[in-house]
Amino acid sequence: MDENTVNNRDEQEPSKPSRRNFLKNIGLLGAGVAAGAGALYSGDIFEKKKAATGESKVLLTQDNKLVEVDSLEMRVLAKNPTKLMLEKGREGIPGKRWVMVIDLSKCRNARRCIAACQDAHQLKPEQYHMNTLQMQDSPGTAPYQMPKNCQHCDNPPCVAVCPVDATYKRGDGIVLIDNIRCIGCRFCMAACPYSARIFQWTTPKDADKHNGEAYNVELNVPQKLGTISKCLFSADRCREGKLPYCVSACPNGVYYFGDENEDAVTNGTSKETVRLSKLLRDNGAYQLMPELGTKPRVYYLPPKNRLFPFEPSTD
Amino acid sequence: MDKIISDLSHHIRLNKGFFLWMGFLVLALLACTYAYILQLRYGLGVAGLRDYISWGLYISNFVFFVASSLVGMLISAVLGLIGLKWVHPITRIAETIAVAFAAVAGLVIVMDMGRPERLANVFIYARFQSPILWDVTVITTYFVISLLLLFIPMIPDMAVLHKRFGSLPSWLKPVYKTLSLNWTDHPEQNRIIHRSVYILLILIIPAALSIHTVTSWLFALTVRPGWDSTIFGPYFVSGAFVAGSAAVIIAMFVFRKSYKLQDYLTDLHFNNMGKVLVLVAFVYLYFNINEYLVPGYKLKRADAVHLSELMTGHFALMFWIVQLGGLLIPIILLLFRSMRRPLPLTLISIAVFIGAWFKRYLIVVPTMSHPFLPIQHVPENFRVYTPTLIEIAITLFSFILVLIIITLISKFFPVIPVVETARDKGLDPLKRIES
């Protein structure tokens with residue numbers, strides 16, 4: 001039946017009440033009531049709001065969007081901040097694949113990276129997320145200083161062996177540790193070929209000062225007795241769009257940090273952003289012990305044409 | 001029959017010697033408990049462990065305990081299923097050792113945890129990719145099967161002793177009655193017991209192989225030199241038989257002396273156990289040669305460092321004492337029949353047993369002492385591992401607990417199966433009751 005025939009029939013029999021018309025009327029009435037009620041209700045809410053508010057606030061959401069929220073609409077979540085940060089910390093920053101490049105030709109063992117790192121992560125002097133090692137590959141080759149941190153492997157042996165999923169690999173490449181869950185078995189330390197992990201054998205630094213603070217999994221502070229710590233690629237800084245603590249602190253331009261997906265890394269000292277693939281290609285970049293199949297996310301540029309002579313450290 | 005019952009059960013009573021021994025053990029246990037309380041309060045730092053050598057005494061001891069518990073399977077299942085009658089008086093000793101060591105092994109691993117109060121996380125957040133989960137699973141399984149293998153063959157003994165052993169302490173009577181499960185030597189009952197033991201004996205073989213293979217994988221599944229080995233499973237299993245057989249021989253000697261079982265644990269049993277020990281020691285020697293010779297021939301850089309530290313470096317003294325005194329010399333001595341008499345065999349077994357403990361230390365610590373990347377800019381105690389007194393006391397705690405468990409089981413239950421011994425001699429254990 002097409003539209004014309006319907007119209008024709010309606011014109012022919014205008015006054016006869018049909019079941020169809022009856023239902024149509026009911027529907028219209030219902031819609032009208034609903035619309036009216038809706039309008040009244042929203043009007044009521046609007047009035048209430050108008051009466052009680054006065055200001056709106058601009059907030060940054062977890063996925064980095066600015067939103068405007070009325071101050072009265074905001075309510076404090078019942079969740080404790082530690083739990084919230086733990087959940088947030090499980091998810092990587094969308095679209096990112098963090099990567100670090102360490103230029104060995106520029107390192108003169110200033111150890112400012114270490115100081116900045118230890119300061120941010122509440123570490124004692126002998127506890128290293130980042131350590132500079134004096135390396136000599138074989139007797140005939142020249143010694144060099146090598147900053148060494150967690151390699152944030154794409155095939156992380158530490159994550160594989162963890163019995164409780166306390167250490168985990170995020171979508172953005174960062175390997176993190178949930179120290180509310182860690183049982184302190186130290187299997188991850190045994191599994192790591194880079195000796196990247198440390199353990200809180202005794203009361204952590206300034207434990208009294210930080211006692212009771214919410215635990216930030218992306219910064220791994222406050223450090224917890226009897227649990228693991230290691231380099232986190234400064235996941236908290238990544239979320240803010242900043243460079244990691246060590247990268248920013250280096251006075252000699254050793255570190256580049258950035259996003260593999262964008263193919264761009266930024267030098268922490270000069271703040272110059274360069275193409276990652278070109279940097280790696282032009283400088284003969286390599287990885288630490290790639291034969292182990294760990295697929296590190298840290299690249300090294302060999303200590304060629306060095307800016308500083310090698311000075312062996314005493315300790 | 002009465003003589004067998006009284007010979008095998010006369011030790012089941014509370015006497016001065018027992019109280020003295022138990023009193024000593026309990027006091028020692030309490031002293032060592034204090035050490036653990038200190039560790040709970042101040043953290044694992046009270047042990048000598050640090051960031052590079054992060055597994056030490058506790059993990060070595062854990063491996064050793066799992067190893068020692070494996071002998072239950074060797075004696076009961078392997079030798080038992082072959083049909084060797086002479087092992088009958090030894091099976092319960094072997095199972096007692098298996099139960100005690102397996103039970104405490106679980107505790108030893110908790111002592112190594114930085115946050116023992118979070119133990120439940122292992123079950124709440126269980127991640128089956130982790131070998132620790134496999135280990136928890138198989139050790140629990142092995143413990144349960146061992147406990148059943150200790151208990152089920154004991155059911156007839158409980159009934160017989162309850163009915164016929166006049167001097168059974170009155171407070172033990174209801175225990176025996178309950179544990180006897182109303183056994184009356186009915187053919188159907190015996191069939192069920194025989195059946196279940198037979199099934200358990202078969203089940204315990206894969207369970208036992210699993211516990212020590214998985215324990216070896218805690219190391220072999222890492223890439224570190226000295227652990228990165230494909231033969232770690234059989235290497236550990238054969239080593240476990242060495243440690244366990246030595247433990248059984250020592251226990252046989254002690255029980256024979258203190259419970260006066262000379263007529264039941266005869267020179268023949270010691271001679272045969274000596275042969276078992278030398279056999280498993282030969283197998284272990286074979287795996288040792290493989291484990292050291294193969295990487296030693298190629299001398300890849302990391303392996304070279306590891307082997308030279310073991311054989312000529314920091315660990316050389318311990319290494320050679322363990323390999324010669326704990327394995328090679330015992331093998332040579334045990335080839336002579338005169339060395340397999342009770343006393344010399346026991347002395348050799350003590351050397352083997354102690355050697356087996358230090359062998360685990362040599363498997364765990366040297367590898368951790370030499371990671372791929374150099375250890376730099378850290379205090380001296382990060383480079384060299386020295387166990388602390390607290391750590392040693394906590395390790396002793398586990399040994400004392402094993403001794404307490406073995407003492408209690410052996411003191412309040414017949415060490416040697418009564419009914420089985422009677423049947424082997426053609427006697428009917430319940431004859432007088434029925435007539």
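**The core, fold and contact of chain B**

User: In this predicted model, which residues have the most contacts inside the largest nonpolar core?

Analyst: The largest nonpolar core has 185 residues, and the element that gives the most to this core is helix 11 of chain B, residues 232–258, with 16 residues. Those with the most contacts inside the core are Val71(B), Ile97(B), Ala105(B), Val248(B) and Met252(B).

User: Which residues does Met252(B) touch, not counting those up to four places away in sequence?

Analyst: Met252(B) is one of the residues with the most contacts inside the largest nonpolar core. Leaving out residues up to four places away in sequence, Met252(B) touches Ile90(B), Ile93(B), Leu265(B), His269(B), Phe270(B) and Met273(B).

User: How many helices and strands are there in chain B, and why is chain B described as being as compact as a globular protein of its length?

Analyst: Chain B has 19 helices and zero strands. Because the globule rule gives 22 Å for 435 residues, a value close to the radius of gyration of chain B, the chain is as compact as a globular protein of that length, and that radius is 23 Å.

User: Which helix gives the most to the side of chain B that touches chain A?

Analyst: The contact takes 37 residues from chain B and 36 residues from chain A. On the side of chain B that touches chain A, the elements giving two or more residues are helix 6 (121–124) and helix 7 (131–151) of chain B, while the residues of that side divide into 21 nonpolar, 10 polar and six charged. With three residues, the element that gives the most is helix 7 of chain B.

How values were computed:
Residues are numbered from 1 along each chain as its sequence is written. Chains are lettered from A and ligands numbered from 1 in the order in which they are written. This is a predicted model: local features need pLDDT of at least 70, side-chain atom pairs count only at pLDDT 80 or more; totals for chains, interfaces and linings use all residues. A nonpolar core is a set of buried Ala, Val, Leu, Ile, Met, Phe, Trp, Tyr and Cys residues joined through C-beta atoms within 7 Å. A residue is buried if 20 or more other C-beta atoms lie within 10 Å of its own, exposed if 12 or fewer, and partly exposed in between; C-beta atoms are placed from the backbone. Helices (H or I, at least four residues) and strands (E, at least two) are DSSP runs, numbered from the N terminus. Two residues are in contact if their C-beta atoms, placed from the backbone, lie within 7 Å. Ala, Val, Leu, Ile, Met, Phe, Trp, Tyr, Cys and Pro count as nonpolar, Asp, Glu, Lys and Arg as charged, and the others, Gly among them, as polar. The radius of gyration is taken over C-alpha atoms; the globule rule is 2.2 Å times the number of residues to the power 0.38.
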